[in-house]
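Here is a short briefing for a first look at this structure. It goes topic by topic, beginning with the space inside.

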Amino acid sequence: MTQRTAIVTGSARGIGAAVAKRLAADGFQVAVLDLDESACAATVDAIKSAGGQALAVGADVSDEAAVAAAVEKVATELGAPTVLVNNAGILRDNLLFKMSVDDWDMVMNVHLRGAFLMTRAVQKYMVDAAYGRIVNLSSTSALGNRGQVNYSAAKAGMQGFTKTLAIELGKFGVTANAIAPGFIVTDMTAATAARVGADFEDFKKLMAAQIPVARPGQPEDIAHAASFFASEAAGFVSGQVLYVAGGPKD
Ligand code: NAP
């Protein structure tokens, strides 16, 4: 396989860290991008100690100048990025009547503005290479979820964004697909449990009881799907939304 460079945003921990490690194991050079460069060390060290190549990059994906500098750093120090996983995400849950404008804007900025800025900065490397793989993290919340009017709108937006990228960039050898995870065990879902006053172990059991495969998802479940979409052989799969939720969603 041609040695290719992948950028995974929000990969200091959680799903992003698992995706970064999996893509490195698949043979990609991986840029581990997160808000704080020093927070990327654990993911980078894990990749390097397994024999892979990785670079820590600090950037806020919602900051246009930071994104431009980060993508240029990756291209110079690691190689032209031709795989992008837009994974960085935050929650600011609240019922509509209690939701502040800041909570709305923050969620839109990280998920939608962030994915837009990252993709726009990376696409020229993909077009030049006549090859690219874009993987966007949506969520089952895109189908609607109480207390998440901001997040569900952003995650539904990621699906429209993905389909349009697929249409615009297909002729340049670039595919775009979305993964919509269900309940995955990470710091994000631990924070949700804490917010509703539940013990995380009890919360996981409660969630598992509603999942057909009878277990919560793990970050590696999402990494496996990302590995498929990022692979060269997946070139005829584009504009799709794959629910990785332990059961059917629509
Ligand atoms: P997580 O454990 O909270 O990790 C998210 C990572 O993104 C953190 O390292 C965070 O950095 C980083 N990040 C946040 N804002 C950023 C920004 N502006 N620029 C760069 N990095 C930023 O979350 P996760 O559970 O792994 O979720 C990963 C993605 O999957 C998200 O898009 C999420 O919405 C989606 N998802 C998750 C689940 C689930 O059940 N966990 C389900 C469906 C979809 P800091 O640590 O510095 O904040």
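A cavity is a set of grid points where a 1.4 Å probe fits but cannot get out. The model is predicted. A search of the whole structure finds one such cavity of 30 Å³ or more. The largest cavity has a volume of about 60 Å³.

**The cavity lining**

- The largest cavity is lined by 13 residues. Closest to its centre are Asn-86, Asn-87, Ala-88, Val-110 and His-111.
- Two elements give two or more residues to this lining: helix H4 (101-129) and helix H5 (149-169).
- H4 gives the most, with five residues.
- By class, the lining of the largest cavity has seven nonpolar, five polar and one charged residues.

**Helix H3**

- Helix H3 has 14 residues and covers residues 64-77. At 1.5 Å a residue, H3 should span 20 Å. The end C-alpha atoms of H3 are 20 Å apart, which agrees.
- Val-67, Ala-70, Val-71, Val-74 and Ala-75 are the buried residues named in H3. Seen down the helix axis, the buried residues of H3 fall within an arc of 135°, so they line one face.
- The other side of H3 holds the exposed residues Ala-65, Glu-72 and Thr-76.
- What covers the buried residues of H3? The cover includes strand E1 (5-9), strand E2 (29-34), strand E3 (54-58) and strand E4 (81-86). H4 is also part of this cover.

**Helix H7**

- In helix H7 (200-208), the buried residues are Phe-200, Phe-203, Lys-204 and Ala-208. They cover an arc of only 135° around the axis, which puts them on the same side of H7.
- Lys-205 and Leu-206 are exposed on the other side of H7.
- The cover over the buried residues of H7 includes helix H6 (187-195).

**The loop between H7 and H8**

- Gln-210 sits in the loop between H7 and helix H8 (219-230). Is Gln-210 buried or exposed? Its relative accessible area is 59%, so Gln-210 is exposed.
- Gln-210 and Ala-25 are 185 residues apart in sequence. In space, they are 32 Å apart, C-alpha to C-alpha.
- Ala-214 also lies in the loop between H7 and H8. At 57% relative accessibility, Ala-214 counts as exposed.

**A buried loop residue**

- Ser-138 is found in the loop between strand E5 (132-137) and H5.
- The relative accessible area of Ser-138 is 2%, and buried means under 20%, so Ser-138 is buried.
- Which residues does Ser-138 touch, not counting those up to four places away in sequence? They are Lys-155, Met-158, Gln-159, Ala-178, Ile-179, Ala-180 and Pro-181.

**Backbone angles to check**

- Most residues other than glycine have a negative phi.
- Ala-130 has a positive phi of about 55°, although it is not a glycine. Ala-130 is in the loop between H4 and E5.
- Ala-214 has a positive phi of about 60°, and it is not a glycine either.

Terms used: Residues numbered from 1 in each chain as written. Predicted model: local features only at pLDDT ≥ 70, side-chain atom pairs only at ≥ 80, totals over all residues. Heavy atoms only, no water. 1 Å grid on protein atoms, 1.4 Å probe; cavity = no way out; pocket = protein on both sides within 12 Å on 5 of 7 lines; lining within 4 Å. Points joined across faces, edges and corners; volume = space filled by probe spheres on them. Helix = DSSP H or I, 4+ residues; strand = E, 2+ residues; numbered from the N terminus. Nonpolar A, V, L, I, M, F, W, Y, C, P; charged D, E, K, R; others polar. Expected span 1.5 Å × (residues − 1). Buried < 20%, exposed > 50% of the residue type's maximum accessible area, 1.4 Å probe, protein only. Arc of directions from axis to C-beta. Contact = heavy atoms within 4.5 Å.
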